[in-house]
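Subject: Structure for your files, with notes

Hello,

Here is the structure I said I would pass on. My notes on it follow below.

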Amino acid sequence: MSRSQFSRLSLCAAALGALAVAAFAVAPSRAAEDAVVIPAPSIDVKPTDGLQTAVIAGGCFWGVQGVFQHTAGVVNAVSGYAGGSKATADYHTVSTGSTGHAESVEIKFDPQKISYGKLLQIFFSVAHDPTQLNRQGPDSGTQYRSAIFTTSDEQKKVADAYIAQLNAAKVYKRPIVTKVSPLEGFYPAEAYHQDYLTLNPTQPYIAYNDIPKVENLKKLFADNYLEKPTLVSSAKVTN
């Protein structure tokens with residue numbers, strides 16, 4: 001089932017009775033992708049002054065953005081598209097699965113407060129399941145693939161080494177399928193996609209698939225967790 005189909009069913013359920021929606025919000029039965037306890041990367045990008053950028057893709061960008069908006073050291077996390085051209089970087093076209101784009105999140109972070117490697121650890125542990133090929137939870141298609149778009153040779157080195165480390169440690173039942181490639185462009189998604197998790201916490205898709213990810217972040221990465229999310233609507237980023 002695609003996210004759009006899931007959303008349509010959710011709206012029908014809401015029309016039949018708000019009680020069902022509330023039940024999802026109060027007690028989601030389980031996340032579509034369970035969290036996995038994994039080791040930190042053995043090598044990491046050296047901290048520098050100034051903000052750095054990480055771009056990752058792990059299924060629907062609503063949940064991935066929500067996780068990193070609750071992560072300390074992240075000054076902005078923007079939902080968008082990466083992997084294709086600017087001409088096709090819109091939700092309707094990307095949803096066809098024919099553009100090369102993946103639903104992605106651009107993360108601006110302070111490397112003095114959180115490292116690139118720690119962001120990847122959170123990404124692989126609680127933000128998505130890196131062993132699912134061209135899908136994530138109820139969503140399928142190449143636009144929902146697991147990917148890391150690197151902005152430097154050092155980021156690529158760390159990402160490749162970490163994937164090899166996790167595969168060697170066999171922390172997952174299946175091999176990691178995450179693709180690592182240089183970032184050629186990131187295009188912010190439409191305004192209605194930004195801050196979606198925070199603005200729509202009782203939407204059944206969010207309650208079932210994404211709120212548990214934030215709860216797992218709080219549980220597994222307590223030292224990196226922010227109770228109040230850093231939203232796009234209020235972020236102050238200078239570079």
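**Ser146 and its surroundings**

The side chains of Ser146 and Thr178 make a polar contact at 2.6 Å. A polar contact here is a pair of N or O atoms within 3.5 Å; within protein, one must be able to donate a hydrogen and the other to accept it, and residues adjacent in sequence count only if both atoms are side-chain atoms. A further polar contact, at 2.7 Å, joins the side chain of Ser146 to that of His128. Ser146 lies in strand β6 and counts as buried, at 2% relative accessibility. Buried means under 20% relative accessible area, exposed over 50%, and partly exposed in between (1.4 Å probe, protein chains only). Leaving out residues up to four places away in sequence, Ser146 touches Ala57, Phe123, His128, Pro130, Val177, Thr178 and Lys179, where contact means heavy atoms within 4.5 Å.

**What kind of model this is**

This is a predicted model: local features need pLDDT of at least 70 and side-chain atom pairs count only at pLDDT 80 or more, while totals for chains, interfaces and linings use all residues. Residues are numbered from 1 along each chain as its sequence is written, and side-chain values use heavy atoms, with hydrogens and water left out.

**The chain as a whole**

The protein chain has 8 helices and 8 strands. Helices (H or I, at least four residues) and strands (E, at least two) are DSSP runs, numbered from the N terminus. Of the 239 residues in the protein chain, 51% are buried. Among contacts with a separation of 6 or more, 82% are between residues 24 or more positions apart.

**Core and helix α5**

In soluble globular proteins, nonpolar side chains tend to be buried together. The largest nonpolar core in this model has 48 residues, of which Phe68, Ile107, Tyr116, Leu120, Phe124 and Ile148 touch the most other members. The largest share of this core, 8 residues, comes from α5. Apart from it lies another core, of 8 residues, including Ala57, Val78, Ala82 and Phe186. A nonpolar core is a set of buried Ala, Val, Leu, Ile, Met, Phe, Trp, Tyr and Cys residues joined through side-chain atoms within 4.5 Å.

Helix α5 is largely enclosed by the rest of the structure, because 11 of its 12 residues are buried. Among the buried residues of α5 are Tyr116, Leu120, Phe123 and Phe124. These four are also among the residues that Ile148 touches, along with Val55, Ile56, Ala159, Thr178, Lys179, Val180 and Ser181, not counting residues up to four places away in sequence.

**Helix α6**

Helix α6 (residues 153-169) has 17 residues and should span 24 Å at 1.5 Å a residue; its end C-alpha atoms are 24 Å apart, which agrees. The expected span is 1.5 Å times one less than the number of residues. Which residues of α6 are buried? They are Gln155, Val158, Ala159, Tyr162, Ile163 and Leu166. They cover an arc of only 130° around the axis, which puts them on the same side of α6; the arc is that of the directions from the helix axis to the C-beta atoms. The cover over these buried residues includes β1 (52-58), α5 (116-127), β6 (146-150) and β7 (179-182). Asp153, Lys157 and Ala168 are exposed, on the face of α6 turned away from its buried side. Lys170, which follows α6, has a positive phi, near 55°.

**Salt bridges**

The structure holds 4 salt bridges, each a side-chain nitrogen of Lys or Arg within 4 Å of a carboxyl oxygen of Asp or Glu. One of them joins Arg174 and Asp129, with the closest N and O atoms 3.5 Å apart. This pair links distant parts of the chain: Arg174 is in the loop between α6 and β7, and Asp129 is in the loop between α5 and β4 (135-136), 45 residues apart. Arg174 is partly exposed at 46% relative accessibility, whereas Asp129 is buried at 14%.

Asp160 and Lys156 form another, at 2.9 Å from N to O. Both lie in α6, 4 residues apart, about one turn of the helix. Asp160 is partly exposed at 32%, as is Lys156 at 35%.

Lys218 also forms a salt bridge with Glu227, the closest N and O atoms being 3.5 Å apart. Lys218 is partly exposed at 43%, and Glu227 is exposed at 54%.

Regards
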